[in-house]
Amino acid sequence: MYTKTAPTSGWSLLGGVAVVCTLFGGNVAAKDHDVTVAIHVSTQGLDLSHPADAQIFYTRLKNAAWVACTRGNQVNLVPVDNLQGCYEKALGGAIRSAKTPMLTQIYLETHPLQDAAKHGIEIPAQLAAK
């Protein structure tokens, strides 16, 4: 997930906000510099091939997307201009990165195929045929 906005302070934010993550990252501008707000979302204890576990993980991804797009201002970053767009981009990016059919199926319960395509989410053939 990536967003761009301007902070109220400069370079000191760059090191304090950049966190390495495999699923999430929200970009915000630090004056003329990009800052990555990233949240690692763990699958520990979950089997994403099971619907209940995939739903738990999907909820974690949604929460992390919301936090990345709304709480960057706690480190003096200006809030994003388009909160919903940031959230959808973050969630879509996380689903794309996970490459898990069960998560894709859950995502498609509330999002059209066009949204999935916009975020580069691969649609399994059995889901695309529906």
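How do helix 3 and helix 4 run relative to each other: roughly parallel or roughly antiparallel? Helix 3 and helix 4 are roughly antiparallel. Angles over 145 degrees count as roughly antiparallel, under 35 as roughly parallel, 65 to 115 as roughly perpendicular and the rest as oblique.

This is a predicted model: local features need pLDDT of at least 70, side-chain atom pairs count only at pLDDT 80 or more, and totals for chains, interfaces and linings use all residues. Residues are numbered from 1 along each chain as its sequence is written, and side-chain values use heavy atoms, leaving out hydrogens and water.

**Helix 3 against helix 4**

Two packed helices are described by the angle between their axes and the distance between the axes. Here the angle is about 150°, and the axes of helix 3 and helix 4 lie 8 Å apart. Axes are lines fitted to C-alpha atoms, for helices over the stretch in contact, and angles run from 0 to 180 degrees between N-to-C directions. Helices (H or I, at least four residues) are DSSP runs, numbered from the N terminus.

Helix 3 brings Leu91, Gly92, Ile95 and Ala98 to the contact, and helix 4 brings Leu103, Thr104 and Tyr107. Contact means heavy atoms within 4.5 Å. By class, the contact of helix 3 with helix 4 has five nonpolar residues, two polar and no charged ones. Ala, Val, Leu, Ile, Met, Phe, Trp, Tyr, Cys and Pro count as nonpolar, Asp, Glu, Lys and Arg as charged, and the others, Gly among them, as polar.

Helix 4 (residues 101-108) is mostly covered, with six of its eight residues buried. Among them are Leu103, Thr104 and Tyr107. Buried means under 20% relative accessible area, exposed over 50%, partly exposed in between (1.4 Å probe, protein chains only).

**The disulfide**

The whole structure holds one disulfide. Cys69 pairs with Cys86, and their sulfur atoms are 1.9 Å apart; the cut-off for such a pair is 2.5 Å. Cys69 lies in helix 2 (residues 51-70) and Cys86 in helix 3 (residues 83-98), so the bond ties together parts 17 residues apart in sequence. The S-S torsion of Cys69 and Cys86 is about -85°, so the disulfide is left-handed.

**His111**

His111 sits in the loop between helix 4 and helix 5 (113-118). Leaving aside neighbours within four places in sequence, His111 is in contact with Tyr58, Glu88 and Leu91. The C-alpha atoms of His111 and Gly92 are separated by 9.7 Å.

| Residue | Relative accessibility |
|---|---|
| Cys69 | 6% |
| Cys86 | 4% |
| His111 | 10% |

Note on methods: Helices (H or I, at least four residues) and strands (E, at least two) are DSSP runs, numbered from the N terminus.
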